[in-house]
Amino acid sequence: MEAFTTYFSSKKKLKQFLDDNKIINTNSLMIQVFTPQADRQYIQELLNIVNELLPLAHLIGSTTDGQTNHGVLSKDKTVLSFTLFSHTKLTTYISNNFDDFYHAGENLALELIENNTKVILSFIAGIYNDDKKFLSGVKYIDEKVKVVAATAGVKTIFIKSLVFTKDYIYTNAVVG
């Protein structure tokens with residue numbers, strides 16, 4: 001496993017970063033995006049760039065109140081984290097179609113967990129989210145799978161928080 005992190009500023013600089021670090025287009029690449037920009041147009045433009053450069057990669061992202069790059073906390077920059085796996089199957093899930101966050105956790109677990117699943121990385125968005133119920137829903141399906149979850153935010157508020165994949169951007173949703 002190899003991991004790389006950078007700030008996003010332009011397509012040209014991202015392409016140079018990918019080339020410099022020999023980050024290749026593969027379905028074994030996970031990209032995490034952390035951005036203070038709760039602007040759907042900004043996020044969609046970023047996703048378009050990533051989809052063009054790395055169409056096979058898996059991506060999940062979240063609006064955040066603070067982003068970390070190489071141990072430095074930033075409140076105003078978008079951070080891209082790339083993890084290249086050698087023996088891991090990646091699957092991406094996003095939904096805003098659930099009755100409550102307990103059911104959101106169940107649905108996510110049912111969609112992502114297979115016999116050899118060890119970890120789920122998830123972000124939760126929405127003003128009324130309930131991370132404890134979400135985790136309980138996942139654990140109801142499989143209590144052995146480890147869950148790393150975080151709540152999306154924007155400048156210490158959760159009203160406009162968003163989560164996203166390469167194809168969808170939602171509020172009041174879960175991604176994993």
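# Reading the labels on a predicted model

Guide: An open sheet of 4 strands runs in the order 7-12-8-9, with mixed pairing. The model shown is predicted.

Visitor: What makes strand 7 and strand 9 the edges of this sheet?

Guide: Strand 7 (94–95) and strand 9 (146–151) each have a single partner strand, so one side of each is left without a neighbour in the sheet.

Visitor: How do you know that strand 8 and strand 9 are paired?

Guide: Pairing requires at least two bridges between the strands. Strand 8 (residues 119–125) is joined to strand 9 by 6 bridges, so the two count as paired, and they run parallel. Within that pair, Ile120 stands opposite Val147 in strand 9. Helix 4 (residues 131–141) packs on the sheet and touches strand 8, strand 9 and strand 12 (173–175). The direction of helix 4 makes about 155° with that of strand 9.

Visitor: Why is Gly61 called buried?

Guide: The cut-off for buried is under 20% relative accessible area. Gly61 has 0% relative accessibility, so Gly61 counts as buried. This residue lies in strand 3 (residues 58–63).

Visitor: Which residues are in contact with Gly61, leaving aside its neighbours within four places in sequence?

Guide: Gly61 is in contact with Val33, Phe123, Leu162, Val163, Phe164 and Val175. Separately, the C-alpha atoms of Gly61 and Ile31 are separated by 8.1 Å, the two residues being 30 apart along the chain.

Visitor: Which residues of helix 1 are buried?

Guide: In helix 1 (residues 11–20), they are Leu14, Phe17 and Leu18. Seen down the helix axis, these buried residues fall within an arc of 100°, so they line one face of helix 1. The cover over them includes strand 1 (2–8), helix 2 (40–53) and strand 6 (78–84).

Visitor: What does the face of helix 1 turned away from its buried side carry?

Guide: That face carries the exposed residues Lys12 and Lys13. Just after helix 1, Lys22 takes a positive phi of about 55°.

Visitor: What makes the pair Lys15 and Asp19 a salt bridge?

Guide: The rule asks for a side-chain nitrogen of Lys or Arg within 4 Å of a carboxyl oxygen of Asp or Glu. For Lys15 and Asp19 the N to O distance is 3.0 Å, so the pair meets the rule. Both residues lie in helix 1, 4 residues apart, about one turn of the helix.

Visitor: Why is Lys15 called partly exposed?

Guide: Partly exposed falls between the cut-offs of under 20% for buried and over 50% for exposed. Lys15 has a relative accessible area of 38%, so the label is partly exposed. Asp19, at 41%, is partly exposed too.

Visitor: Where do Lys89 and Glu114 lie?

Guide: The side chains of Lys89 and Glu114 meet in a salt bridge at 2.8 Å, N to O. This pair links distant parts of the chain, 25 residues apart: Lys89 is in the loop between strand 6 and strand 7, and Glu114 is in the loop between helix 3 (101–112) and strand 8. Lys89 is exposed at 60% relative accessible area, whereas Glu114 is partly exposed at 38%.

Visitor: How do you know that Lys144 and Asp142 form a salt bridge?

Guide: Their closest N and O atoms are 3.8 Å apart, which is within 4 Å, so the pair counts. Lys144 is exposed, with a relative accessible area of 68%, and Asp142 is buried, with 15%.

Visitor: How many salt bridges does the rule give?

Guide: The count comes to 4 salt bridges.

Technical notes: Residues are numbered from 1 along each chain as its sequence is written. This is a predicted model: local features need pLDDT of at least 70, side-chain atom pairs count only at pLDDT 80 or more; totals for chains, interfaces and linings use all residues. Side-chain values use heavy atoms; hydrogens and water are left out. Buried means under 20% relative accessible area, exposed over 50%, partly exposed in between (1.4 Å probe, protein chains only). The arc is that of the directions from the helix axis to the C-beta atoms. Contact means heavy atoms within 4.5 Å. Axes are lines fitted to C-alpha atoms, for helices over the stretch in contact, and angles run from 0 to 180 degrees between N-to-C directions.
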